[in-house]
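Hello,

Here is the structure I promised to pass on. Please open it and keep it beside this message while you read.

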Amino acid sequence: MASGEPRAKKLRLSDEKKEKKSPEKKTPEKRPESSRKSPTKLGEQNMLLGVTGAIMVFSSVSEENMFLKPYVLNHKIVKKFKVEYHAGGATQNSIKIAQWMIQDPHKVCTFFGCIGEDTFGEILKQKAEEAHVDAYYYEQTEEPTGTCAACITGDNRSLVANLAAANCYKKDKHLDLKENWKLVEKAKVYYIAGFFLTVSLESILKVAKHASENNKLFTLNLSAPFISQFFKDALMEVMPYVDVLFGNETEAATFSKEQGFQTEDIEEIAKKAEALPKINKKRPRIVVFTQGKDGTIMTKGGDKVETFPVLKIDQKDIVDTNGAGDAFVGGFLSELVQDKELEQCVKAGHYAANIIIRRAGCTFPEKPDFH
């Protein structure tokens with residue numbers, strides 16, 4: 001930015017496009033309730049909503065090399081080793097990190113997911129409460145609560161997952177319920193990981209359309225290359241409603257290939273993704289692509305793309321990078337829901353990711369130290 005450029009040019013996604021006319025300073029435009037300046041002034045709960053499957057993650061640190069032993073499955077890990085239980089799944093990770101970054105008030109963040117009526121489901125509810133996330137789970141009996149076992153040996157991590165109930169979310173059984181839909185209406189920002197496209201497209205579309213019709217923020221993550229490859233139609237049915245699109249460099253490259261963008265340049269991919277058809281034209285679409293240790297790419301409307309360097313970290317301090325992407329999104333959303341400048345959202349994302357990769361699993365210390 002040139003030194004003489006006014007800071008008012010910084011982009012906030014709550015700002016609508018306005019007709020060119022002289023502003024009336026004495027009668028400023030009424031801003032949405034989510035437009036607050038600091039976590040202590042948020043004042044309301046349920047401003048950020050995440051919807052997706054829910055998974056009970058249990059991790060164990062072992063000195064022996066278990067990763068090539070096929071007989072070590074979820075129940076055997078629980079029985080044989082000391083384990084830690086965590087509420088998991090991509091969206092749930094991001095939502096709980098956003099709440100951790102915000103701190104007060106509690107339950108600014110809401111989560112909808114699906115679990116079984118079982119012990120792991122009860123633990124998930126307990127973990128959500130401990131994270132001060134306002135979780136509303138669809139509890140059903142067809143499948144048990146989804147689980148993922150993580151075996152950690154040194155710098156290596158092996159995962160064994162059973163999605164089970166995470167694939168059973170039903171719009172008519174949960175999202176459509178009057179008390180739950182009221183929470184959707186109360187929220188100002190929505191986040192859904194692309195994985196949920198494989199479960200309940202109708203749920204995503206109902207939330208996305210509500211956001212678009214009410215000029216709220218709907219955010220989506222590409223999540224994994226296979227989403228762009230094998231769920232392309234569902235992805236592109238949702239894309240016109242997306243205000244913020246997240247992804248990493250691998251997901252961006254696959255998305256580009258599947259969309260026929262004919263480029264491998266990540267900045268060009270971001271521009272082309274931003275330019276895809278969009279229903280709510282009051283907001284520009286923002287595209288944010290992370291690149292691991294390399295800079296994060298973000299479009300800023302029009303033909304502008306900016307790169308933000310990540311926080312430096314010594315290789316020996318890196319414990320587990322699996323939750324880095326979820327953490328980045330959580331940090332980003334924690335500032336976005338407060339109507340902070342997009343540059344600040346990226347900084348918060350980088351901070352959260354930098355903290356999480358120093359720890360096993362998507363876990364964090366009691367309080368953040370982000371300024």
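The protein exposes about 18000 Å² of surface. Carbon and sulfur atoms supply 50% of that area. Bear in mind that this is a predicted model.

Now the inside. The protein has 371 residues, and 54% of them count as buried. Here that word means under 20% relative accessible area.

The chain folds into 12 helices and 13 strands. How much of the contact count comes from residues 24 or more positions apart? Taking contacts with a separation of 6 or more, such residues account for 71%.

Which residues line the cavity? Here is the list:

- Gln 92, Ile 95 and Lys 96 are among them.
- Phe 111, Ala 128 and Val 133 also belong to the lining.
- Ala 135 and Tyr 137 complete the set.

Two elements each supply at least two residues of this lining: helix H2, spanning 90-102, and strand E5, spanning 134-140. H2 gives the largest share, with 3 residues.

What is the lining like by class? It has 6 nonpolar residues, 1 polar residue and 1 charged residue. Lysine counts as charged, and Lys 96 is in the lining.

To find the spot on your screen, go to helix H2 at 90-102. Then look for strand E5 at 134-140.

Best wishes

Key. Residues are numbered from 1 along each chain as its sequence is written. This is a predicted model: local features need pLDDT of at least 70, side-chain atom pairs count only at pLDDT 80 or more; totals for chains, interfaces and linings use all residues. Side-chain values use heavy atoms; hydrogens and water are left out. On a 1 Å grid over the protein atoms alone, a cavity is a set of points where a 1.4 Å probe fits but cannot get out, and a pocket is an open set with protein on both sides within 12 Å along at least five of seven lines; lining residues have an atom within 4 Å of a point. Helices (H or I, at least four residues) and strands (E, at least two) are DSSP runs, numbered from the N terminus. Buried means under 20% relative accessible area, exposed over 50%, partly exposed in between (1.4 Å probe, protein chains only). Contact means heavy atoms within 4.5 Å. Accessible areas come from the Shrake-Rupley method with a 1.4 Å probe; for residues, only the protein chains shown count as cover.
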